[in-house]
Amino acid sequence: MVTSNPSLAENIAKNIVGWRFDNSYSRLPDAFYALAQPARVQSPRVWILNYRLADELGLSLRALPLEDAANLFAGQDLPGSCRPIAQAYAGHQFGGFTMLGDGRAILLGEHRTPCGRLVDIQLKGAGPTRFSRGGDGRAALGPMLREYIISEAMSALGIPTTRSLAVVTTGEPVFRSSALRGAILTRVAASHIRVGTFEYLAARHDVANLRALADYAIVRHFPELVDASQKYLEFFRAVMDRQASLIARWQLVGFIHGVMNTDNMAISGETIDYGPCAFMNAYRPDTVFSSIDHGGRYAYGNQPAIAHWNLARFAETLLPLLDPDQEKTIALASGVLAEFPKQFEAYWLAGMRKKLGLETAAAGDAELIRVLLDWMQNTAADFTNTFRDLSSAELPADDRYRHPDFRAWYSRWLDRLQCHGRASASIQSRMRAVNPTVIPRNHRVEEALAAAEDHDDPSVLHRLLAALASPYEATADLSYYQEPQADDCNYRTFCGT
Ligand code: AMP
Ligand code: MG
């Protein structure tokens, strides 16, 4: 009999979704992971599916009935070709070292995309694993949608990031300070290898497996280094370079990760683990939104220094691989590590020049930028909107822009651009291509989450996602998404654990 709605079992047998699982991580030695199975859940339901991402990954989600998609992304009916595991890792959390591991995430395996890329497919919130310690392994709808929104916004901004393929609700409550709706996020990543993954093996003094992990990471993320002499040192240098570039990209859009523990720093150079993250409105380097970051360790302005600190922890794990001579190995690692501040500064300065339409480098640029940022800080100017205003044909009528301090800076900048009156149309359009019109403003994110959680209404979320999808274009009226909240100093984000 031919049915128009084939069962999931039939779909999987035919693999109509198009999975091509490799499971290379689970072929690594046992120490790297524990086998895991997603928990049974009561009534999975699709909350959101990222069809565009699915297309990029060569997955035919459009052909899959929603009920089947819900079962798939809740881990209830897994593709036969995957081998679910929880990855082992450790981490420095707020400076203190702990053995961790995937306590609420299950890696289904690595899917090979049509263009040959290998991506991790991970279910976050799919139930307990060997690493759950006291936790329930579950996640709530709000935090999973929050990760979906921010990761997709980061991707649209052109910043390396893990992606979000789906959020499904489980039909079961999760208990935090109150009962919340349980949900599972399907996360797609270049890999989930973290600085903390290296720390895990280093803490066990397991040099053979440490080398195996480094070799695996090199093949996966830096294949050009496979035959390099001093390949582990070059590997460290390459990871550092990606982090310097990544953190510069964060700073240039005002992104605050919120919990830059070493277990949340990916070797691939992607932004990973969207917990208490948020975007800064008024420019203030000490901005912190995370409810658990009392000391401001992960404040906006500290992010480069924290990345450097995390990379020092990474370098320490690699010491046994660099040179048999202990003094020499430390000298090698320290030599590379010392380059980080300069490297970060170079990425940041290049990005800032672009934001200001400067095509060439001149000696006074860093100072020119500093004066603008100081003025922004003194006048509580919105970071995103100020750059967007500078990219527009006419500065908006705002008293701030009439102030002599700003006028002095503005004419200096125009001189630097070598134009008279105001920045020319071509400079403005180049600037608009790097200065976003829309970022996920905290109150707009909260509004979308409240509609979802309290009213089961996905429409607010969908409108927000549409506005965030092309952040550099201002084709429609986006003023609703551009306005910062009057005073968000008291805004707090939560880990959601
Ligand atoms: P995160 O704050 O998401 O970076 O997680 C830090 C550590 O806590 C990781 O090892 C997680 O797997 C673990 N964890 C977070 N939430 C839970 C939970 N609900 N159940 C079990 N483990 C969790
Ligand atoms: Mg984490």
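Trainee: Which residues are closest to ligand 1, and how many surround it?

Mentor: In this predicted model, 18 residues surround ligand 1, and the closest are Gly 101, Gly 103, Arg 104, Asp 136 and Gly 137; a residue is near a molecule if one of its heavy atoms lies within 4 Å of it.

Trainee: What makes the pairing of Arg 104 with ligand 1 a polar contact?

Mentor: A polar contact is a pair of N or O atoms within 3.5 Å, and a polar side-chain atom of Arg 104 lies 3.0 Å from an oxygen atom of ligand 1. A polar side-chain atom of Asn 264 lies 3.2 Å from an oxygen atom of ligand 1, while Arg 138 brings a backbone N or O atom to 3.4 Å from a nitrogen atom of the ligand.

Trainee: Why is ligand 1 said to lie between domain 1 and domain 2?

Mentor: Domain 1 (6-192) and domain 2 (196-348) both give residues to the shell, so ligand 1 lies between them; the bounds come from an automatic or database domain assignment.

Trainee: What coordinates the magnesium ion (ligand 2)?

Mentor: Asn 264 (OD1) and Asp 273 (OD) coordinate the magnesium ion, at 1.8 to 2.2 Å, where donors are N, O and S atoms within 2.8 Å of the metal (3.2 Å for Na, K and Ca), and since water is not among the atoms, sites may look incomplete.

Trainee: Why are Asn 264 and Asp 273 called buried?

Mentor: Buried means under 20% relative accessible area, exposed over 50% and partly exposed in between, with a 1.4 Å probe and protein chains only; Asn 264 has 11%, so it is buried, and Asp 273, at 15%, therefore counts as buried as well.

Trainee: How are residues and ligands numbered, and which atoms and confidence limits apply?

Mentor: Residues are numbered from 1 along each chain as its sequence is written, with chains lettered from A and ligands numbered from 1 in the order in which they are written. Local features need pLDDT of at least 70 and side-chain atom pairs count only at pLDDT 80 or more, whereas totals for chains, interfaces and linings use all residues, and side-chain values use heavy atoms, with hydrogens and water left out.

How values were computed. A polar contact is a pair of N or O atoms within 3.5 Å; within protein, one must be able to donate a hydrogen and the other to accept it, and residues adjacent in sequence count only if both atoms are side-chain atoms.
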